[in-house]
Amino acid sequence: MTGFSSERDRMIERQIVGRGLVDPRVIEAMRAVPRECFVPEAMRGVAYQDGPLPIGANQTISQPYIVALMVEAAEISPGDRVLEVGAGSGYAAAVMSRLAGEVDAIERHATLADEAAERLARLGFGNVRVHAGDGTLGLPERAPFDAILSAAGGPAVPETLRRQLRVGGRLIMPVGSRRGDQVLVKVLRRDADRFDTLPLGPVSFVPLIGAMGWRDDEAEPVAAMVP
């Protein structure tokens, strides 16, 4: 892992700090997590490039800047309970684990979920639990959460996820069309029935598949809720 420290430092300087992210805790969390361990072995040499990379099952590990942007927007504090929808290889969950008390991550592909769980345990990220299942339904048995982050884009923010936020909690998620024309939004739960939604900028993510997102056959969204 130490062989990539210079690449990690350059990524922090150029892609994270260079684009205006300033939270020192987020910067140090990005510095502490060996991204090269969360990509296929054949792609370790490009682990710190400025873009997403394939990880199998038609899924990707997000661009480092996007991970940092979402984590900074989520305002994760020590002791917070965090839910990630779309665990993928486990990289973003590892970053969040350096900031939060507990992280639960859901991945709909059982193989990726098993691999992520094994990888996170092997690397010592002991405060992350990985679950295989439909992330659009959240994890009600572990709710409420101080922060929820979705690594896939849906037609709208699922009501299931909004309702699993603690009052004062933050939800970060891309919303828009299945491919392209997505906007990253931040949802703040003000009280039991009041939510504020703030746009954070245009993004492009893999589609959020599930009962409260897109169907796997690329048909119209099912049971989508207005954000």
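A salt bridge, as the term is used here, is a side-chain nitrogen of Lys or Arg within 4 Å of a carboxyl oxygen of Asp or Glu. By that criterion, the structure holds 18 salt bridges.

Two remarks on the basis of these values. The model is predicted, so local features need pLDDT of at least 70 and side-chain atom pairs count only at pLDDT 80 or more, while totals for chains, interfaces and linings use all residues. Residues are numbered from 1 along each chain as its sequence is written, and side-chain values use heavy atoms, with hydrogens and water left out.

I begin with Glu75 and Lys186, whose closest N and O atoms are 2.5 Å apart. Glu75 sits in the loop between α3 and β3 and Lys186 in strand β8, so this pair ties together parts 111 residues apart in sequence. Helices (H or I, at least four residues) and strands (E, at least two) are DSSP runs, numbered from the N terminus. Lys186 is buried, at 11% relative accessible area, whereas Glu75 is partly exposed at 45%. Buried means under 20% relative accessible area, exposed over 50%, and partly exposed in between (1.4 Å probe, protein chains only).

Next, Arg170 pairs with Asp80 at 3.1 Å between the closest N and O atoms. Arg170 belongs to strand β7 and Asp80 to the loop between α3 and β3, so parts 90 residues apart in sequence are tied together. Arg170 is buried at 11%, and Asp80 is buried at 10%.

A further salt bridge joins Arg163 and Asp193 (3.4 Å, N to O). Arg163 lies in helix α6 and Asp193 in the loop between β8 and β9, 30 residues apart. Asp193 is exposed at 62%; Arg163 is partly exposed at 36%.

Finally, salt bridges with shared partners connect Arg81, Glu102, Asp104, Arg129 and Arg142 in one network.
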